[in-house]
Amino acid sequence: MTKLILRALAGETLPTPPIWMMRQAGRYLPEYRATRAQAGDFLSLCYNPELAAEVTLQPIRRYGFDAAILFADILLLPQALGPKLWFETGEGPRMETTTTAAQVAALRPTEAIHDTLAPIYETVRILARELPKETTLIGFAGAPWTVATYMIAGRGSKDQGAAHALKAADRATFAALINRITEATVEYLSAQIVAGAEVVKLFDSWAGSLKGADFADFAVKPTARIIAALKARHPGIPVIAFPREAGNGYIGFAAATGADCVAIDNSVSPEWAAANVQKDGCVQGNLAPHHMVTGGPDLIRETRRVVDAFRHGPHIFNLGHGITPDADPANVQLMIDTVRGG
Ligand code: 1CP
């Protein structure tokens, strides 16, 4: 096994951590903006296998990252279950809401998702063929709680209020929705693995707003179910889990879910994460994304700090969250040079 990311995921401590970056294909890159303009809009880009593969490859060509992440979005899976999805220019995603027992019951059957998602699997097949042999291909999906927050509110929200309200008012309907997303996510990720994804990642971007028993029931349990089902079907498939802003919930998350690696956001220090999370296995993270905008000596110092904090265990270098559109591509190169060159 030569790919560095797979070695880190298998628990190996490497002299230099492998590196990739959340949202590495994105609007901070002029070549991404050009291909997106060619596609017309964001969803047309996601569903066009040649162009989606092209934007996935762009950051690999420019920077030589150790992993490529499939270009798609966590909202394509709920769209494949029936609700309409569109993007309001300058605002973000909008989705038909799912909030009643009748609407959950009316979602399309799990087997039907592949009709809509077939182009995504084709993107994975193209990438499996075209990526450099040392580059690891990562597939992904949203974790059920995060996907549910968009299905219930019909859009992104700061506090996930609508999802918390449904959970409080009609727990049976809320749990049924989580269950449907969990089942569909297993089939979606399994199809990505069959198409050539070597690792899969679950993005639970809003895990931080689940507290106490809710965190156990709706962040830990669905993630554990998905991972167990995937590993039963695809023995040895490595899984990265990202319960963003989980705080103390990061402690023991890998053991509780079966994840091979826990991705850490930048609201916790790398020293804390090394002592409390990396002691149990591989971690990924956690440089603050704003350094890709501000650069300079702070970027170099904080990049070295992350590398140093995690140097005694398995580590995949990454940001604590996605790179933002206002980032300077030169700062990404400076981060990579700092990680690889010391
Ligand atoms: O070009 C554009 O204008 C669209 C911007 C964009 C991009 C580049 C969106 C809309 N999605 C994506 C791609 C994307 N989304 C990837 C591709 C691979 C990569 O390079 O990382 C991935 C993994 C995602 C995952 C995603 N989508 C998440 C989880 C990760 C995270 O950032 O927390 C979430 C929450 C989404 C929803 C979504 N899609 C797009 C936007 C702007 C959002 C967030 C909406 C909100 O504010 O709630």
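## Ligand contacts

A polar contact is a pair of N or O atoms within 3.5 Å; within protein, one of them must be able to donate a hydrogen and the other to accept it, and residues adjacent in sequence count only if both atoms are side-chain atoms. In this predicted model, local features need pLDDT of at least 70 and side-chain atom pairs count only at pLDDT 80 or more, while totals for chains, interfaces and linings use all residues. Residues are numbered from 1 along each chain as its sequence is written, and side-chain values use heavy atoms, with hydrogens and water left out.

An N or O atom in the side chain of Ser205 lies 2.5 Å from an oxygen atom of the ligand. The backbone also takes part: a backbone N or O atom of Gln24 is 3.3 Å from a ligand oxygen atom, and a polar backbone atom of Ala25 is 3.5 Å from an oxygen atom of the ligand. Taken alone, the ligand exposes 890 Å², of which the protein buries 87% (accessible areas by the Shrake-Rupley method with a 1.4 Å probe).

## The surrounding shell

The ligand is surrounded by 22 residues, the closest being Tyr32, Arg36, Asp73, Tyr150 and Ser205 (a residue is near if one of its heavy atoms lies within 4 Å). By class, this shell holds 14 nonpolar, 4 polar and 4 charged residues, where Ala, Val, Leu, Ile, Met, Phe, Trp, Tyr, Cys and Pro count as nonpolar, Asp, Glu, Lys and Arg as charged, and the others, Gly among them, as polar.

## Aromatic pairs

Across the whole structure, a search finds 10 aromatic pairs (ring centres of Phe, Tyr or Trp, the last by its six-membered ring, within 6.5 Å; planes under 30 degrees apart are stacked, over 60 edge-to-face and the rest tilted). One of them, Trp145 with Phe174, is edge-to-face, at 6.0 Å centre to centre and 65° between the planes. This pair links distant parts of the chain, with Trp145 in helix H8 (residues 144-153) and Phe174 in helix H10 (residues 171-195), 29 residues apart (helices, H or I, of at least four residues and strands, E, of at least two are DSSP runs numbered from the N terminus).

## Backbone exceptions

Most residues other than glycine have a negative phi, and most peptide bonds are trans. Gln160, in the loop between H8 and helix H9 (161-169), has a positive phi of about 55°. Gly285 and Asn286 are joined by a cis peptide bond with omega about -20°, and Asn286 belongs to strand E8 (residues 282-287).
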